[in-house]
Amino acid sequence: MLILGESFSKYHSSLYGYHKDTNPRLGQLEKDSLLCVLDHVISPDTHTIPCIKAIMSLHQDGDDACQWYEHPALPRMMSELGYKTFWVSNQSPSGISDNVAAAYSKLCDSVIWNGSKVKGAYKAEKDGELLDVLHKLELSSRNFIIIHLMGSHVSYDLRYPKEWSVFSEDDYSELLESQRKVVSSYD
């Protein structure tokens with residue numbers, strides 16, 4: 001399984017030393033030796049499209065010999081190894097920021113786009129809704145599932161149900177008043 005958890009900042013992650021407990025469940029998995037935290041990994045870019053190109057294929061920026069889509073792609077490689085491939089996404093299948101992800105999704109045996117298809121980062125469907133989608137997949141004995149989350153894109157308060165709010169503006173008195181709502185929603 002590959003989970004693309006877009007716009008995640010390790011600088012706001014307790015797994016990487018952030019002072020607030022922002023990852024309690026993942027922290028427990030780490031304590032139980034069910035999660036390995038890789039702390040010397042660097043994203044190939046700050047934007048989604050170049051990152052997905054690098055993650056989903058052997059493409060590297062600056063490779064002028066051929067285009068990104070001419071490189072072997074992970075979904076196709078997994079299919080050739082005998083895996084049934086799935087692309088389950090809480091993002092949009094089309095749009096200026098979604099075209100590369102959609103191209104890779106088409107290489108999978110099964111593709112599911114959750115909820116509204118065109119709202120981009122302002123869509124209201126929560127990533128947690130993908131759990132219901134995953135339970136309905138028709139799996140084989142060998143499966144490779146790519147889960148493409150909305151992650152921590154803008155409008156952070158849209159990313160989770162209100163009852164899951166943990167932090168409030170009051171928890172960030174050290175920040176400027178204009179920053180408190182944004183950071184508390186992100187965390």
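**His12**

I started with the side chains of His12 and Asp187, which a polar contact of 2.6 Å joins. I kept in mind that this is a predicted model. Next I asked where His12 lies. I found His12 in the loop between β1 and α1, the helix of residues 24–31.

I listed what His12 touches, not counting residues up to four places away in sequence. The list reads Tyr18, Thr22, Val183, Tyr186 and Asp187.

Is His12 buried, exposed or partly exposed? I read a relative accessible area of 23% for His12. Buried requires under 20% and exposed requires over 50%, so a value in between counts as partly exposed. His12 is therefore partly exposed.

His12 and Ala103 are 91 residues apart in sequence, and their C-alpha atoms are 31 Å apart in space.

**Ser57**

I moved to the loop between α2 (48–56) and α3 (74–80), where Ser57 lies. I looked up its cover: the relative accessible area of Ser57 is 7%. The cut-off for buried is under 20%, so Ser57 is buried.

What does the side chain of Ser57 reach at 2.7 Å? I found the backbone oxygen of Lys53 there. I then noted a polar contact of 3.3 Å between the side chains of Ser57 and Tyr104.

I set aside neighbours of Ser57 within four places in sequence and checked the remaining contacts. They are Trp68, His71, Pro72, Ala73 and Tyr104.

**The sheet**

I traced the strands next. Four of them form an open sheet in the order β1-β4-β2-β3, with parallel pairing. The edges are β1 (2–4) and β3 (110–113), each pairing on one side only. I read an average twist of 10° from one strand to the next.

Strand β4 covers residues 143–148 and runs parallel to β1. Three bridges join the two. Which residue in β4 is the bridge partner of Ile3? I found Ile147.

I then turned to the helix α2. I saw α2 lie across β1, β2 (84–89) and β4. Against β1, α2 runs at about 170°.

**Leu131**

I placed Leu131 in helix α5, residues 130–135. I looked up its accessibility: Leu131 has a relative accessible area of 52%. The cut-off for exposed is over 50%, so Leu131 is exposed. I also took the separation of Leu131 and Arg142, which are 11 residues apart along the chain. Their C-alpha atoms are separated by 19 Å.

**The whole chain**

I counted six helices and four strands in the protein chain. Along the sequence I read the pattern β-α-α-α-β-α-β-α-β-α. Why does the chain count as being as compact as a globular protein of its length? The radius of gyration is 18 Å, which is close to the 16 Å that the globule rule gives for 187 residues, so the chain is as compact as a globular protein of that length. I read the span of the C-alpha trace along its principal axes as about 55 × 40 × 40 Å.

I closed with totals. Buried residues make up 36% of the 187 residues. Among contacts between residues at least 6 apart in sequence, 62% join residues at least 24 apart. The chain exposes about 11,700 Å². Carbon and sulfur atoms supply 55% of that area.

Definitions and conventions: Residues are numbered from 1 along each chain as its sequence is written. This is a predicted model: local features need pLDDT of at least 70, side-chain atom pairs count only at pLDDT 80 or more; totals for chains, interfaces and linings use all residues. Side-chain values use heavy atoms; hydrogens and water are left out. Buried means under 20% relative accessible area, exposed over 50%, partly exposed in between (1.4 Å probe, protein chains only). A polar contact is a pair of N or O atoms within 3.5 Å; within protein, one must be able to donate a hydrogen and the other to accept it, and residues adjacent in sequence count only if both atoms are side-chain atoms. Contact means heavy atoms within 4.5 Å. Two strands pair if DSSP finds at least two bridges between them. Axes are lines fitted to C-alpha atoms, for helices over the stretch in contact, and angles run from 0 to 180 degrees between N-to-C directions. The radius of gyration is taken over C-alpha atoms; the globule rule is 2.2 Å times the number of residues to the power 0.38. Accessible areas come from the Shrake-Rupley method with a 1.4 Å probe; for residues, only the protein chains shown count as cover.
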